[in-house]
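Please keep the sequence and the model open beside this note while you read. The points below go through one part at a time.

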Amino acid sequence: MKKHGETLLYALLALAAAGLLAALLWILWEYVPRASVRYGLLAICGGIFVLAGLWTALQRRQIGRFADDVCETLDAAISGRQPENLNPYEDSLAAKVQGKLLQYYDIMREGRLQSQRDKETLQGLVSDISHQVKTPIANIQLYAGILRNPQLTGEKRAVFLDTMEGQIRKLDFLMQSLIKMSRLETGTFALHPAEAPLNDTIARAMSTVWAKAEKKGVALSAECDPQITVRHDPKWTAEAIGNILDNAVKYTPEGGSVSVSVRPWQFYTRVDISDTGIGIPEEHYNDVFQRFYRAEEAAAEEGVGLGLYLANGIITRQKGYISVKSKVGQGTTFSVYLLS
């Protein structure tokens, strides 16, 4: 139908051109008395019509070539290959349209890849969560079944209840950590940075581990000039530093020490958290910031492997970063850099 329509249009244009030419010829023969002038004007009109026809044919050819180039570019983009007729450095309309089409295709492809990465991340997250909650839930179910035994003595019943409460606390801690992690990964993690004394933030962080350190016999100390102020979110920065301190106390043996020191450092303010713990092998420096990572030597300690992951996320979202230096068997220093 489209082809027949185009044929009819061209036929009408040809008839119109023929009619116009006939009208010009009639005018020349009727109103121009000299034959030489008539033939001269006739030749000029004929030349104009010939040039118009050639120009129309050329334009049609160029439009057809332009359409072919655009279709080839779209076909190549859909099939994921490079267009055969791509001329990126050519100053032409076809080259410009091809460039925009390929740019749009790259954007769409990157969107699809990001969607695939997000899907894989979500699948991994669901798998990690199911693995983490499996053990405490199984333990709670086990102890609940044992407690139903009417012949269980009161002493044993109290022991199992205490153990069950420990598993419930572990599950609650896990769920709270997972909520923070999900907020961090989905971008709903709201930070409210403000210029505030870093000394208060350090004190808030240390208060979360003071009882655990005292119970374990680990000495805590801090050195921070009260005049040092940094633009940061005090609440969440204290959470990040508190997570690092918790790790330090957890992996430092009885009689060891954990210290915090703060000093200006180039464009950042540097917070060093040092311990005399078991240390981290150099090849695992990056691993410790991955979610749910637990080293083999740390398997006996409580935890789910989210503390350093959350700490790193909180600090990086304030345009800071965390580095680590350690010697196995001698201790570790985590350095938190907050933009001054």
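1. Which residues does Asn 243 touch, not counting residues up to four places away in sequence? The answer is Gly 307, Leu 310 and Ala 311, where touching means having heavy atoms within 4.5 Å. Asn 243 has its place in helix 7, and it counts as buried because its relative accessibility is 16% (buried is under 20% relative accessible area, exposed over 50%, partly exposed in between, with a 1.4 Å probe and protein chains only).

2. A word on the basis of these values: this is a predicted model, in which local features need pLDDT of at least 70 and side-chain atom pairs count only at pLDDT 80 or more, while totals for chains, interfaces and linings use all residues. Residues are numbered from 1 along each chain as its sequence is written, and side-chain values use heavy atoms, with hydrogens and water left out.

3. Helix 7 (residues 234-250) also packs against helix 5 (residues 198-207), at an angle of about 50° and with the axes 8 Å apart; helices here are DSSP runs of H or I with at least four residues, strands are runs of E with at least two, and both are numbered from the N terminus. The axes are lines fitted to C-alpha atoms over the stretch in contact, and angles run from 0 to 180 degrees between N-to-C directions. Helix 5 is therefore oblique to helix 7, given that angles under 35 degrees count as roughly parallel, over 145 as roughly antiparallel, 65 to 115 as roughly perpendicular and the rest as oblique.

4. On the side of helix 5, the contact is made by Thr 201, Ile 202, Arg 204, Ala 205 and Met 206, and on the side of helix 7 by residues including Ala 238, Ile 241 and Leu 245.

5. The model has an open sheet of 5 strands in the order 2-4-5-7-6, with mixed pairing, where two strands pair if DSSP finds at least two bridges between them. Strand 2 (219-223) and strand 6 stand at the edges with a single partner strand each, so one side of each has no neighbour in the sheet. Strand 6 pairs with strand 7 (residues 331-339) in the antiparallel sense over 7 bridges, and Tyr 321 stands opposite Tyr 337 in strand 7.

6. Finally, please look at Lys 319, in the loop between helix 8 (307-316) and strand 6 (321-327). Most residues other than glycine have a negative phi. Lys 319 is not a glycine, yet its phi is positive, at about 65°, and with 63% relative accessibility it counts as exposed.
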